[in-house]
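Please look at the sequence and the model first.

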Amino acid sequence: HPVAGAFFEAARREDARPSVLAGGFRARAVDLVRGLCVLMDGRDQRGPIAWLGTAEGAGQAQLEAAGVQLLAVPDDDEKAQSLSRAAAFIHVSTGNRVPLAAAQAMAAGVPCLVSDTPSHRALIRHGETGFVCTSERDFLEKLVVLLGDRSERERIGQAARAEAQRCFTSRHFERALLRAYGFSSGSKALAHVH
């Protein structure tokens, strides 16, 4: 799916104390975020960590017990504004679908730390547009680096936004659809369609 314009238009303005947003699917995502909270406790870099979206049942209780705020944002504008203030976005998935939440974070210029799945590897160029992490320790190490180095966050965030503009705008999807049907994006090809 294309990413809504609100994410590309959101101006980056990080919170004074670097904050982290997280999201993902299944218990594995909740376990990882909860574990990171425990491991980050007592570190100077530990800022607020919030779960972007909803969690249910045991997952919600576990996140709340770890001090993770739940941010159920109702629309793309609010989600884009929340992302624009974050220092990093963590996304954990086990599936093969392109994770829209990570693409939205990239469009908002937020460095992403993602689980090592085929869909995340297709989305993130490790070390350039984010980090593909293979373990809880890997997530922790990369997160500590990002939280401690504003220039690294800016470099990766800018590269992530540029990649999202290249791959996830509505215009990109329109061109891809036209190419799939054998048309160029020129007006001559479009005139034949109508």
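Glu9 counts as exposed because its relative accessibility is 65%, and exposed here means over 50%. The model is a predicted one. Glu9 lies in helix 1, which covers residues 5–9. Together with Asp75, Asp76, Asp77 and Glu78, Glu9 forms a negative surface patch. The most to this patch comes from helix 4 (residues 76–84), which gives 3 residues.

Other charged side chains are paired. Side chains of opposite charge can pair when their charged atoms come close. The count of salt bridges in this model comes to 12.

One of the salt bridges joins Arg121 and Asp116, with 2.5 Å from N to O. Arg121 is partly exposed, at a relative accessible area of 45%, and Asp116 is partly exposed too, at 35%.

Are they buried or exposed? Both Lys142 and Asp138 are buried.

Helix 8 (residues 150–167) holds both Glu152 and Arg155, 3 residues apart, about one turn of the helix. Their side chains meet in a salt bridge, at 2.9 Å from N to O. Glu152 has a relative accessible area of 18%, so this residue is buried, whereas Arg155, at 38%, is partly exposed.

Salt bridges also link residues into a network, made up of Arg12, Glu14, Arg150, Arg153 and Glu154.

Conventions. Residues are numbered from 1 along each chain as its sequence is written. This is a predicted model: local features need pLDDT of at least 70, side-chain atom pairs count only at pLDDT 80 or more; totals for chains, interfaces and linings use all residues. Side-chain values use heavy atoms; hydrogens and water are left out. Patches are made of residues with over 30% relative accessible area and no salt bridge: like charges are joined within 9 Å, nonpolar side chains (Val, Leu, Ile, Met, Phe, Trp, Tyr) within 5 Å. Accessible areas come from the Shrake-Rupley method with a 1.4 Å probe; for residues, only the protein chains shown count as cover. A salt bridge is a side-chain nitrogen of Lys or Arg within 4 Å of a carboxyl oxygen of Asp or Glu. Lys and Arg count as positive and Asp and Glu as negative; His and the chain ends are not counted. The place of a charge is taken as NZ of Lys, CZ of Arg, CG of Asp or CD of Glu. Helices (H or I, at least four residues) and strands (E, at least two) are DSSP runs, numbered from the N terminus. Buried means under 20% relative accessible area, exposed over 50%, partly exposed in between (1.4 Å probe, protein chains only).
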